[in-house]
Amino acid sequence: MPHLHKTRFYSFVKHYRKNGLSLRIQGNKRRLPSSAFSAETIERVVKFIMNIAEDQALLLPGRVPGFKRIDVKLLPSSLTKSKLWKLYQDSCVTVGQVAVGYSKFCDLWRQLCPFIVIMRPASDLCWTCQKNNNQILRSANLPESQKAEVVKQQEKHLTLAACERDYYKGCCKTMKEALAEHLTTVDFSEKHAPCSLEGTVHYSYDYAQQLH
């Protein structure tokens, strides 16, 4: 029998006389640790993440490569968990609420909101690219003629996308040069009427990352 301290021995004897031969239950078994957060605090974290996803997440058609779930919501790659945690912390401080730490924030995100992820490289492909890539993967056991047709279809799409991209870059370059020349002559200390610029300006609005 291992050596027991006198105090521990009498504690065992006291428990035996009171409860008989039974297991001893630790005193804080049903007591939450002091570092545990309330259900309301955890609910606020989940609600914050869901609101961010509702406002900025992108839903791609079909299954996203690298994920088994089909309900994945992709956040822009410009966002990071650290940046979102700082926004969450600032909002809690503003309203005087308890905020969880960064590691706890990430744990709750991973456990309760696994379908909300930050976009990774090559996950913002357009629907045509995804469809063509899937066809290429499925054509592994098909005849060479069908494989060549699928690859040719994808090459045609990529060529068209490259032409569109070059045209877009050309428009941006032309507008930058035109505005640079205009900025050398305009006097910002004077008041100007609205829409007084006689020229062309290119506005780019990324309304969906599914476009090239």
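By the rule used here, the count comes to two salt bridges, a salt bridge being a side-chain nitrogen of Lys or Arg within 4 Å of a carboxyl oxygen of Asp or Glu. Before I go through them, the conditions. This is a predicted model, so local features need pLDDT of at least 70 and side-chain atom pairs count only at pLDDT 80 or more, while totals for chains, interfaces and linings use all residues. Residues are numbered from 1 along each chain as its sequence is written, and side-chain values use heavy atoms, with hydrogens and water left out.

The general point on pairing is that side chains of opposite charge can pair when their charged atoms come close. Helices here are DSSP runs of H or I with at least four residues, strands are runs of E with at least two, and both are numbered from the N terminus. D107 is partly exposed at 28% relative accessibility. On that scale, buried means under 20% relative accessible area, exposed means over 50%, and partly exposed is in between, with a 1.4 Å probe and protein chains only.

The other salt bridge is K147 with E144, whose closest N and O atoms are 3.7 Å apart. These two also sit three residues apart, in helix α6, residues 144-183, separated by about one helical turn. K147 is partly exposed at 22%, whereas E144 is exposed at 58%. As a reminder, an α-helix has 3.6 residues a turn, so residues three or four places apart point the same way.

Last, helix α2, residues 39-56. Its 18 residues reach 26 Å from the first C-alpha to the last, close to the expected 26 Å; the expected span is 1.5 Å times one less than the number of residues. Which residues of α2 are buried? They are T41, V45, F48, I49, I52 and A53. They lie on the same side of α2 because they cover an arc of only 130° around the axis, taken from the directions from the helix axis to the C-beta atoms. The face turned away from that buried side carries the exposed residues A39, E43, K47, E54 and D55. What covers the buried residues includes β1 (73-75), α3 (81-95), α4 (102-112) and β2 (116-118), with contact meaning heavy atoms within 4.5 Å.
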